[in-house]
Amino acid sequence: MRGSVAPGPPSRDRRNPVAITRLPSAGFSITIRIAVPADASSIGRLTTCVGEAGAIVTALDVVDSDPNHVVVDLTCDTADAGHADQVVQALTELDGVDVRKVSDRTFLLHLGGKIEVTPKVALRNRDELSRAYTPGVARVCQAIAENPADARRLTIKRNTVAVVSDGSAVLGLGNLGPAASLPVMEGKAALFKRFGGVDAWPVVLDTQDTDEIVNIVRAIAPAYGGINLEDIAAPRCFEIEARLRDLLDIPVFHDDQHGTAICVLAALTNALRVVGKNLSDVRVVVSGAGAAGTAIMKLLLRQGVGDIVAYDRQGALHRGLTGLNPAWQWLAENTNRENYSGDLRGAVAGADVFIGVSAPNLLTGEDVATMAKDAIVFALANPDPEVDPREARKYAAVVATGRSDQPNQINNVLAFPGVFRGMLDAHAEEFTEEMAIAAARAIADVVGEDKINPTVIVPSVFDSRVAPAVAAAVRAAAQNPGATAPPAADSGPADLPEIAAASSATP
């Protein structure tokens with residue numbers, strides 16, 4: 001709830017609408033309660049004003065009226081909090097308009113949290129209580145003590161995942177700490193349930209010590225069928241994942257790496273179908289060689305991509321570049337065939353594919369124009385992409401972002417609910433590269449080759465076919481290792497390490 005509205009800009013010329021650089025989003029949706037005179041033009045003036053201020057009206061509801069006034073709730077998407085204040089200020093300046101209350105719909109949705117625990121048994125009488133709890137539960141405890149594997153069958157372990165974070169890399173916001181990471185982990189748990197039928201619970205840790213995190217997760221693991229690591233900063237996230245994989249007999253999955261890589265491979269598979277190119281023939285530029293970028297590049301290399309140029313703060317990673325961490329050193333040695341050492345704009349010139357998992361506004365439409373014919377652009381920085389998708393679409397054949405208000409949203413929710421559903425159903429003990437490839441293929445195939453086009457390369461996150469298809473593919477890969485083997489070794493570096501055991505890198 002917004003208690004007050006910050007002062008906005010001075011009165012403006014209605015012929016010159018407010019200029020905004022960010023796109024309006026449901027993430028900054030507000031509802032404004034407004035009283036206006038009861039005449040035929042009043043409501044029209046409100047919607048016109050909001051449009052001129054650069055916002056998008058999504059709803060307008062009459063909540064009260066009398067002979068002289070009408071009270072409405074006007075809901076609109078804005079670009080950010082400052083833009084929301086500009087919209088409210090513009091409405092306040094209209095003659096006869098009384099802005100009574102402004103509500104931030106995102107904060108309203110989070111009041112009290114987004115998930116809860118509900119029992120699966122009714123507990124309506126003493127009989128049910130005696131079987132669900134004491135004395136009957138003692139028999140189940142003894143059975144599990146005699147055969148620990150029965151925990152998967154007789155407890156929540158069979159369908160429960162821990163969503164673990166230390167809050168050190170929350171979204172694109174940085175090191176906010178465990179309490180501030182909780183809304184993200186709650187949301188992740190809600191998505192697990194909604195799309196995969198998986199019971200997930202946030203486990204936010206008040207420590208950023210690698211040894212301590214590993215020990216805590218190892219200690220709580222008996223209650224869970226899988227571990228989803230989330231928003232843990234590189235390079236610690238790589239070590240934490242690798243050590244837990246060695247210690248635990250349940251899958252450990254770092255969604256920032258593997259979920260993103262799966263979704264990118266799925267989207268790129270269909271984008272290449274649209275433009276009629278083969279993965280083995282294309283040159284890909286990846287902006288961002290952190291957790292997500294590293295996993296994307298390793299998965300593409302496993303699938304036989306023609307060439308990749310990795311770009312990060314040090315510039316294009318190339319042989320001869322000094323002072324690199326082990327992951328960047330490996331990328332420098334196993335990508336960038338021509339040893340390009342220039343800037344990002346130079347790297348994309350002539351490239352077939354650009355994949356951004358980095359920072360906003362690094363490229364312009366003119367930069368995209370220098371790419372190869374029928375270029376593919378995945379600008380995935382969120383909420384502001386590496387290049388304005390509206391500008392990119394002027395020159396690229398296929399454009400995707402991470403935004404829900406743009407075509408071709410590449411969102412990890414396409415992957416992780418189904419991946420865990422499949423691993424839990426298979427009683428898998430680890431997450432493997434074969435599972436990643438199988439999941440990517442399943443996501444791509446849900447669209448169908450007869451349905452894909454430049455604006456539809458991935459299914460909707462609400463497509464009910466996605467999670468079951470991914471789960472089935474992952475379950476098959478878990479039960480038949482090697483059935484979804486990657487291309488022959490001569491299509492990529494022979495010494496490529498396992499994708500699920502990436503080495504140290506920086507975000």
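**View 1. Second largest pocket of the predicted model.** The second largest pocket has a volume of about 1,100 Å³. On a 1 Å grid over the protein atoms alone, a pocket is an open set of points where a 1.4 Å probe fits, with protein on both sides within 12 Å along at least five of seven lines. Its volume is the space filled by probe spheres set on the points, which are joined across faces, edges and corners. Lining residues have an atom within 4 Å of a point. Of the 31 lining residues, Thr118, Pro119, Lys120, Ile156 and Asp199 are the closest to the pocket centre. Two or more residues each come from helix H4 (126–132), helix H5 (137–146), helix H7 (178–196) and strand E6 (199–204); H5 gives the most, with five residues. Helices (H or I, at least four residues) and strands (E, at least two) are DSSP runs, numbered from the N terminus. The lining has 18 nonpolar, five polar and eight charged residues, where Ala, Val, Leu, Ile, Met, Phe, Trp, Tyr, Cys and Pro count as nonpolar, Asp, Glu, Lys and Arg as charged, and the others, Gly among them, as polar.

Residues are numbered from 1 along each chain as its sequence is written. In this predicted model, local features need pLDDT of at least 70 and side-chain atom pairs count only at pLDDT 80 or more, while totals for chains, interfaces and linings use all residues; side-chain values use heavy atoms, with hydrogens and water left out.

**View 2. Helices H1 and H2.** The axes of H1 (residues 42–52) and H2 (residues 81–92) come within 9 Å and cross at roughly 145°. Axes are lines fitted to C-alpha atoms, for helices over the stretch in contact, and angles run from 0 to 180 degrees between N-to-C directions. The contact (heavy atoms within 4.5 Å) is made by Leu46, Cys49 and Val50 of H1 with Val87, Ala90 and Leu91 of H2. By class, this contact has six nonpolar, no polar and no charged residues.

View 3. Most residues other than glycine have a negative phi, and most peptide bonds are trans. A cis peptide bond joins Thr134 and Pro135, with omega about 10°; Pro135 lies in the loop between H4 and H5. Another cis bond joins Ala234 and Pro235, with omega about 5°. Pro235 is in the loop between strand E7 (226–229) and helix H9 (236–247). Asp231, found in the loop between E7 and H9, has a positive phi near 55° and is a residue other than glycine.
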